[in-house]
Amino acid sequence: MACNKDHTKIQDYMKDLPIDQGGVGRHKCAACAFERGYELGRQMIENFNIGETISNLEESQAQNQRHKSPHAAFAMGYFLGVRDYYAAKP
Ligand SMILES: [Zn+2]
């Protein structure tokens with residue numbers, strides 16, 4: 001299945017990710033990986049399996065997430081989620 005979600009808002013994050021041409025995350029949607037990482041980080045969820053998470057993602061050849069590392073995207077999303085978790089605390 002190919003990803004057809006609207007990832008317009010996070011294109012700036014996608015630009016700076018490393019390329020994963022031919023790697024383990026090849027063709028997986030890095031933008032979906034970013035969003036999944038963000039959700040987990042925002043809720044401070046600690047127990048998850050990155051390999052499983054990435055293998056469950058849809059594929060993508062679109063926009064700035066094309067050929068980008070879903071692992072790096074996930075980690076960046078998680079980081080930003082955790083940052084926003086703290087920012088939202090009173
Ligand atoms: Zn996607």
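Visitor: Is the crossing in which α2 passes α4 left-handed or right-handed?
Guide: This is a predicted model. Helix α2 covers residues 30-42, and helix α4 covers residues 70-88. Where α2 passes α4, the crossing is right-handed.

Visitor: At what angle do α2 and α4 pack?
Guide: Look along the two helix axes. They lie 6 Å apart. The packing angle is about 30°.

Visitor: Is α2 roughly parallel or roughly antiparallel to α4?
Guide: The angle between α2 and α4 is about 30°. Angles under 35 degrees count as roughly parallel. Therefore α2 is, relative to α4, roughly parallel.

Visitor: Which residues does Arg-36 contact, leaving aside neighbours within four places in sequence?
Guide: Start with its place, helix α2. Arg-36 is among the α2 residues that make the contact with α4. Leaving aside neighbours within four places in sequence, its partners are Thr-53 and Phe-74.

Visitor: Is Arg-36 buried, partly exposed or exposed?
Guide: Its relative accessible area is 34%. Buried means under 20%, and exposed means over 50%. The value falls in between, so Arg-36 is partly exposed.

Visitor: Is Val-82 buried or exposed?
Guide: Val-82 sits in helix α4. Its relative accessibility is 16%. The cut-off for buried is under 20%. So Val-82 counts as buried.

Visitor: What separates the C-alpha atoms of Val-82 and Met-44?
Guide: Along the chain, Val-82 and Met-44 are 38 residues apart. Yet Val-82 touches Met-44, as well as Gly-41 and Arg-42. The C-alpha atoms of Val-82 and Met-44 are separated by 6.4 Å.

Visitor: How many residues apart are His-7 and Cys-32?
Guide: His-7 is in the segment before α1, while Cys-32 is in helix α2. Both residues are buried. The pair links distant parts of the chain, and the separation is 25 residues.

Note on methods. Residues numbered from 1 in each chain as written. Predicted model: local features only at pLDDT ≥ 70, side-chain atom pairs only at ≥ 80, totals over all residues. Heavy atoms only, no water. Helix = DSSP H or I, 4+ residues; strand = E, 2+ residues; numbered from the N terminus. Buried < 20%, exposed > 50% of the residue type's maximum accessible area, 1.4 Å probe, protein only. Axes fitted to C-alpha atoms, helices over the stretch in contact; angles between N-to-C directions. Parallel < 35°, antiparallel > 145°, perpendicular 65-115°, else oblique. Left-handed = near helix turned anticlockwise from the far one by under 90°. Contact = heavy atoms within 4.5 Å.
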